[in-house]
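Visitor: I would like to learn how to read a model of this kind, feature by feature. Could you take me through it slowly, with the general idea before each case?

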Amino acid sequence: MAGRRLCHPKRILLCLILVTVWEASYGQIHYLIPEEMEKGSFVGDIAKDLALNIKELSSSEVQIISRGMNQYFDLDLRNGHLFVNEVIDREQICHQMEKCLLNFEILVKSKMKFFTAEVEIADINDNSPSFPVEELEFKIAESTGPGSRFLLPEAQDPDLGSNSLQSYYLSSNKHFSLDVQTGVDGVKYAELVLETLLDREEQKLHQLILTAADKGDPIRSGTVQIHVSVTDVNDNAPVFSKSLYEVSVVENILKGSRILTLNATDVDEGINSKIKYLFRKISDKASKIFHLDSSTGQISVIGNLDFEDSKLHEMEVQAQDGAGLSTRAKVVIRILDANDNAPEITITALFSKVLEGSPPGSAVALININDRDDGRNGEVTCSIPATLPFLLRKSFDNYYSLETDRGLDREKVSEYNITITVTDQGTPSLSTTAYFPLEILDENDNPPIFTTTNFIFQIAENNQRGALILILKANDPDFGENGRIMYSIIETNIGDVLLSSYLSINSESGAVYALSSFDYEDFREINFQVRAQDGGSPPLSSNVSVTLLILDQNDNAPQILYPSLPSVGSTGVELASRSSEPGYLVTKVVAVDADSGQNAWLSYQLLKATEPGLFTIGLHTGEIRTARFFLDKDSLKQNLIVLVKDNGQPSLSASVIVTVVLADSIPDVLTDLSSISVPVDPQSDLTFYLVVAVAFVSCLFFAFLLVLLAIRLHRWRTSQLCDSQSMNFSGVPVSQFVGIDGVRAFLHSYCSNGSLTTCSRKSQILFPIGSCTSTLEPPQASDKSGPLLTLEDSSSAKEPQNSEQVSFTLYDINDNAPIFKERLYTSYLQENNPTGASLMMLEANDLDWGTNCTVTYSILDGNDLSVSVASFLSVNTETGVVYALCPFDYEQFQQMNFLVKAQDGGSPPLNSNVSVTLFILDQNDNTPEILYPSIPTDGSTGVELAPRSSEPGYLVTKVVAVDTDSGQNAWLSYQLLKATEPGLFTIGLHTGEIRTGRFFLDKDALKQSLVVLVKDNGQPPLSASVTVTVVLADSIPESLSDISSISTPADPQSDLTFYLVVAVAFVSCLFFAFLFVLLALRLHRWRTSQLCDSGSVNFSGVPVSQFVGIDGVRAFLHSYCQEVSLTADSRKSQIFFPIGSCTNTLTPQQVSVEPGFKYLPEDLNIANEGQASQENFLDVSEVNGNVHPQVGPLAPLDSAAASEFLREFALLPASVLKFSSSLTDKCMHKFIDIYPRNGHDCGDENI
């Protein structure tokens, strides 16, 4: 329906254009084609000639209308070409007409124009000349003189021009010749001329061949055999009375009717005067219509005459005598028109459906009237019934447009079958009737209407959730989506709560449901508005006011205000002096009822008393008074059960137990008795906070440890990756490396700039690539670049294929109903689900297309409960997902059965239903409810008595509890959670019976508090607890006398509190100690790095570029071009980049001495040359090419040891080394390997 609605505005616009710009083109499209073209031959490009778009053609916007003839031409909508639809025979259609024209009209709907087209059929030489007879016989007397002429039959050729008959030829002979002449009508005829006398004795029979030929391409010809018999003398030929016979005949003449009689005479006698009539020249069509009697010369009708087919018939007749002489005459038969053709009606529907809101004058169809009769017989009148809201308007020629005369109303008439009657003016007149069905499309012009403007409904309070309250109905006379009504409640507030939390409406049925139970005591009525909106575009709606009155029910039991529950400091016991007189007011029971009216009228009744007749109560006042004097035998404690009852139907009641103690001076004692309760544990809160503190500190400590461990693992992983990703210097000579203290450094001659710091853990180096002098040739980088990954299609290329695509458009009708994938759906849902939870998804498939396959889902009430499914469930109309509108309660119902309808969007719509069963699963959502002992509400103390003389197993009381869940969720177990004297009482696991576990002792406390835990078997289990107070006494007076001995029980939690405090302190101290140790380690590392920075080597007078430091070991490198030292896996690697010339001419054998150079390991103190004593340094100098180390001026060192020393430390070029005498205290890294070989110890004082 949505798609159709979108088309409506276009249709209205199209109708307006049709009315305003309807015109016919005055131009004419003319095509010329030869006859006999094959079917499908190209005629012309209509799209190009009419300037039409190919898309317009593909939308069937162009139509060819032929006037009462065969459909010789058709239009190819793919390319706009006009082609031959049927082989055309020009001679059959146009006979001997000079011009053969086929006319038709082209209707262009998009431009609202008619174009007249004509196709001229050109003649081709497709017919050979033919004679009316195959053989011709002449009888010529032998006495016939030369020059005699004999008329020959005329050949027929239906072609025109040069393609028609042009010449005659006679076979060669010595007696006859051929004379061809042209008549006044331009037709050629031939005569046989006798040239020489015939001799019957010489030759009785002469055989001749007459040939008729045209001049077409190719030349076609026809022949006839001529037999000439030589006979006696016959000297007179027959003569017609007229050379031209004319007659007019009505076309509806009966077959067999004589229309003309020929008359020819011959003056000869005998057989020579006997005349024979025959057609000399006649068309094939005429030969089938007319018959010539050869004896009488009468022409009669043997076929059907049709004025519309041929208005005139011309023929030649011949009269021949017995001797063979003949003459000819012309016959013209004119056909008169008769009213024998009823008018023909051709209806071209512009629209088969029209909007009801179409303006007057909108064209819906074109009507073409054609009557083949002539004159008044062909004049027609066209009409439609006057009662219809349509009219006929003549456009041009014989075309009429069917237009709307006034506004249409689909709600009154949804479709029309328009009768079109056409009558001609002939006598008698003929008429034709045609019918044009027209469907009126609905327009959303009617809003939904309620039967009244205000609805009033009533509902009793305490209704069930989901109960049906009312059903609202609105009517919309529109159709389809325009008449589909959706109901909704206009949102408003009831107090502070939204109306949607109380009421819900079924959007399709208008049924209003209660989402919650109403309470008359909360509000007495609900006023709201319901909107009914249709599905049109734009939608129309109307509102109605609804008043829902809440009716009161007797749902509130009387509430007793006094005596109230015992509170702190009160006993809930009334005192009555033993000296009271009858009528003494002891107390008054005060109660109220929240209901109204008679439901709130209260009456009081003394239901039970310890001493009947001792007390009375006022029926409507609730006053309890003494009825007589107290006696000594009256019990000290009097329990009065007072029943308070309202006047509702059914009546509700409440009861209260009033305890009256007959005493004059024990109020304070009774107060102490009533206060017997479980002592409040003052340490409970402290214990809880201590447990929380221990848990928090412990978690913080372990979290800190985990973070620290993660950091360590991350660093270790980084170092492992560094190892695995170390550079592989393959192909590099070993001479490019230097090793110091186990650390290998790679030397390379790069031109580089860098900034390095001593003892830095985060030094960074950049190696630019450039042109420098280097002793190691770097591998040449490839100058070719390409993709990292190349994907190549290995499949062979496919051969090009020539194909032609043919498109078919099949329009869908709504003939398939939606089908669900399953016949029955079952779903399970846990109770207490969240509102809006997705339960299941239903899916139905529709094999139709477009709007017909658009499936919408809705829920139908199929539940056997008293409430509507719509108040619990909702289905998404598009996706089929079923949602819960409210939480389900297993205790309310266990399953729900309903139907879901899937309906498509077709017209009319089709639908199917499926049954759905929803099972509600029980959850453990109800805690056990303890029925006994209940909270004291009757004025009693809630204390159980246990005689001190009780034996073990004595039944003290019983805890009674129930659980509203089902199954194992309702299995209850009882547990004694806490007791004043552990082991004194026991409780049955499944019975809840509290019994004594041993004999009572004198040291046992008078008041025993038992905390009983009642737990169900659900997952997770739920529990409830109750405190049972047991007083160890044989009677009330005894308990009163012993009440003063009740003391505060010892705190069993004191030890636990102490241990918790100790645990918190221990964990906290451990955590802070760990933090202090970690901080000390960090400070130590930082101090070490500071000492490293302050103790750096000062190489005075030597460029920084001559040194490299690796992990605290400094090595002096050769002055090679741009030497760089790299290390792997070192956290303290340092690299100095040389600055200066890239060329060095020094070699290891040619070393210049540079006095003043000093080198020391990083662990030694290095001083400038001017600050050191010559006696405390080892001098190494070159004397005559030999190296001589000395201690001061007197300690020599052999050359081999000095050379090894220099080679190990790569000190090239060598100069003067001065080492501090502190070497005796600290051993250098490499000296351990050097001096033992030379007989020296690291601790030698001479070093």
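Visitor: Is Asp 634 buried or exposed?

Guide: Before the answer, a word on the basis: this is a predicted model, in which local features need pLDDT of at least 70 and side-chain atom pairs count only at pLDDT 80 or more, while totals for chains, interfaces and linings use all residues. Residues are numbered from 1 along each chain as its sequence is written, and side-chain values use heavy atoms, with hydrogens and water left out. Buried means under 20% relative accessible area, exposed means over 50%, and partly exposed lies in between, with a 1.4 Å probe and protein chains only. Asp 634 is buried, because its relative accessible area is 3%. This residue sits in the loop between strand E49 (623-626) and strand E50 (637-646), where helices (H or I, at least four residues) and strands (E, at least two) are DSSP runs numbered from the N terminus.

Visitor: With which side chain does the side chain of Asp 634 make a polar contact?

Guide: A polar contact is a pair of N or O atoms within 3.5 Å; within protein, one must be able to donate a hydrogen and the other to accept it, and residues adjacent in sequence count only if both atoms are side-chain atoms. Here the partner is the side chain of Arg 628, at 3.3 Å.

Visitor: Which residues form the nonpolar patch on the surface?

Guide: Patches are made of residues with over 30% relative accessible area and no salt bridge, nonpolar side chains (Val, Leu, Ile, Met, Phe, Trp, Tyr) being joined within 5 Å and like charges within 9 Å. Accessible areas come from the Shrake-Rupley method with a 1.4 Å probe, and for residues only the protein chains shown count as cover. In this model Leu 561, Tyr 562, Val 590 and Val 592 form the nonpolar patch, with about 300 Å² of accessible area together. Strand E43 (559-562) and strand E46 (590-592) are the elements that give two or more residues to this patch. Leu 561, which lies in strand E43, counts as partly exposed because its relative accessibility is 42%.

Visitor: And which residues gather in the patch of positive charge?

Guide: For charges, Lys and Arg count as positive and Asp and Glu as negative, while His and the chain ends are not counted; the place of a charge is taken as NZ of Lys, CZ of Arg, CG of Asp or CD of Glu. The positive patch on the surface brings together Arg 712, Arg 715, Arg 1082 and Arg 1085, and helix H7 (684-724) and helix H9 (1054-1094) each supply at least two of its residues. Arg 715 is found in helix H7 and is partly exposed, at 38% relative accessibility.

Visitor: How many salt bridges does a search of the whole structure find?

Guide: A salt bridge is a side-chain nitrogen of Lys or Arg within 4 Å of a carboxyl oxygen of Asp or Glu, and the search finds 23 of them. One of the pairs is Glu 314 with Lys 330, whose closest N and O atoms are 3.7 Å apart. This pair links distant parts of the chain, with Glu 314 in strand E22 (residues 312-320) and Lys 330 in strand E23 (residues 326-336), 16 residues apart. Another pair is Arg 393 with Glu 403, at 3.0 Å from N to O; Arg 393 is in strand E28 (residues 390-396) and Glu 403 in strand E29 (residues 399-404), 10 residues apart. Arg 393 counts as partly exposed at 43% relative accessibility, whereas Glu 403 is buried, with a relative accessible area of 4%.

Visitor: Which residues are linked in a network of salt bridges?

Guide: The network links Glu 154, Arg 280, Lys 281, Glu 316 and Arg 328.

Visitor: Where is the backbone worth a second look?

Guide: Most residues other than glycine have a negative phi, and most peptide bonds are trans. Glu 36, although not a glycine, has a positive phi of about 65°, and its place is the loop between strand E1 (23-34) and strand E2 (42-45). Asn 832 also has a positive phi, near 65°, and lies in the loop between strand E55 (824-830) and strand E56 (838-841). As for peptide bonds, a cis bond joins Tyr 562 and Pro 563, with omega about 0°, and the bond from Ser 907 to Pro 908 is cis, with omega near -5°.
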